[in-house]
Amino acid sequence: MDWAVFAVQWLHILLAILWFGNSLSLATITIPALSRLPLISQQAIGAELGIQGIRVLDVVGPAVILLGILRGTVFGQIHDVATIFGTAYGLTWLVALVVAISTSLWGRFVIFPRTRALSSAPVKPDGTPAAELETALARAKRVIVLELLGFLIVFSCMILMRFGL
């Protein structure tokens, strides 16, 4: 067994689970649970989740991408540009790489600022959301859906590559 391939593959998968799993968990568990709390609590908890999330994901996303590059090239089937553009596997790998990089940048430079705005958006004295908060929430939901779409594309590419496509 090639232990270097094993280690790169293992870390790539583990960190990808953390990255993609975080988004799925936030969308299906954390955000619905937080939405049942008073807005002030939602904002405080959401701000802390965002701070911790960005600390972790600023390392995990790029690490997954770098490990994917290593897994496809140094420890994989891609050894020249002709393989990338001349085979189904290479094209699938390239799509996965481009979408993963785009998804990482989208999270850092689009989602994070949008969700960060939620923690400082005003709440009416009666505890209901001000118009600015409702607008910020609608924007955040739209950009998060696009991130999930990016992850689904990358995940599909990973499955396709497993079968040599």
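This is a predicted model: local features need pLDDT of at least 70, side-chain atom pairs count only at pLDDT 80 or more; totals for chains, interfaces and linings use all residues.

A quick definition to start: helices here are DSSP runs of H or I with at least four residues, and they are numbered from the N terminus.

**The big picture**

Counting elements gives five helices and zero strands, so to read the chain from the N terminus you simply go α-α-α-α-α. The C-alpha atoms fill a box of roughly 60 × 30 × 20 Å along the principal axes. The chain has 165 residues, and 32% of them count as buried. Its accessible surface comes to about 10100 Å², with 72% of that belonging to carbon and sulfur atoms. As for contacts with a separation of 6 or more, 72% of them are between residues 24 or more positions apart.

**The start of the chain**

Which residues make a nonpolar surface patch of about 720 Å²? They are Met1, Trp3, Phe6, Trp10, Leu11 and Leu14. Two of these, tryptophan 3 and phenylalanine 6, sit three residues apart in helix α1 (residues 3–34), which means about one helical turn separates them. They also form an aromatic pair of the edge-to-face kind, with 5.4 Å from centre to centre and 75° between the planes.

How open to the outside are some of the residues in this part of the chain?

| Residue | Relative accessible area | Class |
|---|---|---|
| Methionine 1 | 72% | exposed |
| Tryptophan 3 | 58% | exposed |
| Phenylalanine 6 | 39% | partly exposed |
| Serine 23 | 6% | buried |

The cut-offs explain the labels: phenylalanine 6 is only partly exposed because its 39% falls between the 20% limit for buried and the 50% limit for exposed.

**Serine 23 and its neighbours**

What does serine 23 touch, leaving aside residues up to four places away in sequence? Its partners are Glu147, Leu148 and Phe151. Phe151 turns up again in an aromatic cluster, which it forms together with Trp19, Phe20 and Phe155.

**More on the rings**

The count of aromatic pairs comes to four. There's also a charge to spot: the charged end of arginine 108 sits over the ring of phenylalanine 109, 5.9 Å from the ring's centre.

Methods. Residues are numbered from 1 along each chain as its sequence is written. Side-chain values use heavy atoms; hydrogens and water are left out. Rings of Phe, Tyr and Trp (its six-membered ring) pair if their centres lie within 6.5 Å; planes under 30 degrees apart count as stacked, over 60 as edge-to-face and the rest as tilted. Helices (H or I, at least four residues) and strands (E, at least two) are DSSP runs, numbered from the N terminus. Buried means under 20% relative accessible area, exposed over 50%, partly exposed in between (1.4 Å probe, protein chains only). A charge sits over a ring if NZ of Lys or CZ of Arg is within 6 Å of the ring centre and within 35 degrees of the ring normal. Contact means heavy atoms within 4.5 Å. Patches are made of residues with over 30% relative accessible area and no salt bridge: like charges are joined within 9 Å, nonpolar side chains (Val, Leu, Ile, Met, Phe, Trp, Tyr) within 5 Å. Accessible areas come from the Shrake-Rupley method with a 1.4 Å probe; for residues, only the protein chains shown count as cover. A salt bridge is a side-chain nitrogen of Lys or Arg within 4 Å of a carboxyl oxygen of Asp or Glu.
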